[in-house]
Amino acid sequence: MKPPNNPGTPAPAGSPGWKLTQANTGLAGVGLNCDSLPVYTGPAAPGAGTVISGKRIEQALVLFAGNITIEKSCIRPGKLDEAAPLVTTNGPCGSNSCQVTGAPVTIRDSNIDGSKLSASTIAKSCAFLGVGTLQRNYITGMGSGICFYNTGSTLNGLAEGNYVRGLRTAGDAHNDGATVRDFPLDKNAGRTLTFRNNRIDCSTGQDTGALFIQTYGDDIDNVTVEGNLLEGGGYQLGLESSHGNQYGRNMKSINNRFTGSGWGAAYVTANGVGYKWAVWQENYLMDANAPDAKGKPAGSP
């Protein structure tokens, strides 16, 4: 099948998450589809400096080498170890931790698709696991979507303009549309992690939530959540201090929309931390018929 003659119509730059659809994100937004792309025949662990553009990638990827860009491609493996990520920036793992990439990774205008894999294989898998820049991707068919975990101590993280939907579950899995499990500032106080203008839907029936921020692996700070539509079961936005770690004083939630289904829009579990969101402003329940989709205000959790 050849690519369509007419280019896709991507969401205009800066569009908030409630303007995103399956037709204007990922490959569809640039006029491509998975089946039209030539198969990628390179290594599963490409070297530093690699650019993969316009390929159908039928294997899981390890992008630990860093300085790697994937664009206008379809990552749709046909086989995967149970609970393994489709794409990771993690390196070799020891008994307690995995090595962290030392250089940036970017994935943009692409599809990350677990639909060729069984639900039992991917129920505890992330589409993306590690740290990087993800822009304008369509992510579907997975247990969980964007997982910023094992982020190290130096690199920034960005998820912008992505649409996560169609997640699946099995067994005792709990699913996240997106999650942050560590983002410490002890070695780089200026590093930032941003979720901007994404649409994230977690509706498996075993949902933790659309965006689940929990200090499972380390402290977390300097996270901004802005312009997103958060949908599905569970709480749409969770902020937890847990496992002996704490979230910091610069956590911001600005101009987001929540479907308000599941357990509610948002919650905070402080566990001894005397502060919550440093900024909580212009957050509303989603109302497609209201100006700028502003329904009832989502009260500060």
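Cys93 is exposed, with a relative accessible area of 51%; exposed here means over 50%, buried means under 20%, and partly exposed is in between (1.4 Å probe, protein chains only). Its partner in a disulfide is Cys98, a disulfide being a pair of cysteine sulfur atoms within 2.5 Å. This is a predicted model, where local features need pLDDT of at least 70, side-chain atom pairs count only at pLDDT 80 or more, and totals for chains, interfaces and linings use all residues. Residues are numbered from 1 along each chain as its sequence is written, and side-chain values use heavy atoms, with hydrogens and water left out.

**The disulfides**

- The structure has 3 disulfides, and if you number the bonded cysteines of the protein chain in sequence order, they pair up as 1-2, 3-4, 5-6.
- Cys93 and Cys98 sit with their sulfurs 1.8 Å apart, and with 95 degrees about the S-S bond their link is right-handed.
- Cys98 is partly exposed, at a relative accessible area of 23%.
- Cys34 and Cys74 are bonded too, with 2.0 Å between their sulfur atoms; the torsion about that S-S bond is about 85 degrees, so this disulfide is right-handed.
- Cys34 lies in the loop between α1 (26–29) and β1 (51–53) and Cys74 in strand β5 (residues 74–75), so the pair ties together parts that are 40 residues apart in sequence. Helices (H or I, at least four residues) and strands (E, at least two) are DSSP runs, numbered from the N terminus.
- Both Cys34 and Cys74 are buried.
- For Cys126 and Cys147, the sulfur atoms are 2.1 Å apart, and the torsion is about -85 degrees, so the disulfide is left-handed.
- Cys126 belongs to strand β11 (residues 126–130) and Cys147 to strand β14 (residues 144–148), so this link ties together parts that are 21 residues apart in sequence.
- Cys126 is buried at 15% relative accessible area, and Cys147 is buried at 1%.

- Cys202 counts as buried, at 0% relative accessibility.

**Around Thr121**

- Thr121 is part of helix α2 (residues 119–122) and, at 15% relative accessibility, counts as buried.
- Leaving out residues up to four places away in sequence, Thr121 touches Leu80, Asp81, Glu82 and Ala83, where contact means heavy atoms within 4.5 Å.
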